[in-house]
Each structure stands twice: as structure tokens, then as C-alpha cells.
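Look at the sequence and the structure below.

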Amino acid sequence: MEVLRVEIRAITASFRYPMFVVSYQPTYKIPPISTIYGLLSAAKGEKVSVYDLSIGYDFTSKGSGVDLERILEFGGGDKNKPVSYLGSNIIHREFLYDCILTLYISDLGFKKYLENPHFTLLLGRQSDLAKITKIEEMTLIPKENVEIYNTMILFDGKVPGQIVALPSDYTDEAERKPIEVRTYCIVESKQLIERAYYDTELNKGVYMHEFNDKSKK
């Protein structure tokens, strides 16, 4: 499979658990699929759907920390009334630091958007600025019994890891709606899977996320 291999670095990153809203917000150690497609959409300047291209990725950081964050809350608006200030809230937010995302993209034509991103690239929140440091065209080799780690795969009950149910994508509207909610497995340690791809230059396995039912687009 011909792909783009993109190296993206960030000083900090955070991938919030959706069920934690107040007091303490932990971060996933690996970015969800929807975060990756959000980053690609920012680069292109318009919505990039899970049905437009396939991705594979791994993510590393040197550690985590916890920061205090003040949240200003607005709400109470409707069609006839603008939102108003409701108050503030102090939370402890976990973040990752010295982060590297290695991203594989099936669409070689996407290179021009990555070379000149339309919007600022983020790995999480607005303060988690990201920078593309390398873009290369390369070939992934299909392979059986491939070792993968530091990535997220579709849960099949065969690989140990943190199990999470997450949207793969969101609709492109003010009140976003989840698309393709699936059960995923966060794989941090080295694990063998039956079939995947192999990056012979970096000597590691790559799990590609492919959403083939374009009728849902």
C-alpha cells in the first residue's frame, strides 16, 4: 500500500475522556481516531471524513503531568436569546509532553494540505499546538503476525489493552453528532496481531483503519 508517512510533534497533548467533565480530566495515552481526522480536517480546511481516506498511526510521549485549568462556562442560549456567562470551574487536567505522532495516510494527494495547513494543527486542546516535521511517501507491506504497539485498533477480543467505546468521527455541524461509534482497544505494549501492514524502514507494524461503507458518507 502506497501511503504518506507523516511525523508530527507537540510539546503537549491531551485527549480527554468524554465522561469526565468536572474536577479531574485524565487523558488517553493514545489519540482517538476522531482526533486524527480532526487534525486532517484542520490541515485541509474542510471536513475530512473517515470514508475519504484510511489512516494508521502510533503515538509516543515522554510522560504526563497535571495542570490546573480555569474553565469559563457559558450557556442558557436559544434561538431568541444569546448565551450568557454562567460561572467558572477549576479542574485538574492531565496532559502528555514531548509527543510524537507517526501517521500513515492512504491518500498521497493529501501531501499538499500537510505542507501548507489551512488551520492551526492541534493534538487535543487549543493549547496543544502541533508541528509537522517530516512528510514522506513510502510503501507499507501486508504481513501476517505483525507486532504493534502505542496505537489504537478495533477491538476483537484477541489483544489485551484498554477497551473503550468511542466515535470514529463527528458530523460537521455546530452540534456535532458521533459517527461510527465502535469499540476500540488501546495497545500500549507490544502485541502480535494476525494481519496488518509493516513499515520496513522503521521496522514496525502498522494497523490501518479502513471504513469501506462509503454509502454512510
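The count of aromatic pairs comes to five in this predicted model. Rings of Phe, Tyr and Trp (its six-membered ring) pair if their centres lie within 6.5 Å; planes under 30 degrees apart count as stacked, over 60 as edge-to-face and the rest as tilted. Among the pairs is that of Phe110 and Tyr113, which is edge-to-face, with 5.1 Å from centre to centre and 65° between the planes.

How the two residues are covered is given by relative accessible area: buried means under 20%, exposed over 50%, and partly exposed in between (1.4 Å probe, protein chains only). Phe110 counts as buried because its relative accessibility is 2%. Tyr113 has 23% and therefore counts as partly exposed.

Rings also meet charges here. A charge sits over a ring if NZ of Lys or CZ of Arg is within 6 Å of the ring centre and within 35 degrees of the ring normal.

| Lysine | Ring below the charge | Distance from the ring centre |
|---|---|---|
| Lys143 | Tyr198 | 4.2 Å |
| Lys190 | Tyr149 | 5.3 Å |

As for conventions, residues are numbered from 1 along each chain as its sequence is written, and side-chain values use heavy atoms, with hydrogens and water left out. Local features need pLDDT of at least 70 and side-chain atom pairs count only at pLDDT 80 or more, while totals for chains, interfaces and linings use all residues.

The chain has two helices and 13 strands; these are DSSP runs numbered from the N terminus, with at least four residues (H or I) for a helix and at least two (E) for a strand. The radius of gyration of the chain is 18 Å, close to the 17 Å that the globule rule gives for 217 residues, so the chain is as compact as a globular protein of that length. That radius is taken over C-alpha atoms, and the rule is 2.2 Å times the number of residues to the power 0.38. Along its principal axes the C-alpha trace spans about 55 × 35 × 35 Å. Of the 217 residues, 43% are buried.

At 35% relative accessibility, Phe20 counts as partly exposed. Leaving aside neighbours within four places in sequence, Phe20 is in contact (heavy atoms within 4.5 Å) with Gln25 and Pro26. Phe20 and Gly157 are 137 residues apart in sequence and 26 Å apart in space, C-alpha to C-alpha.
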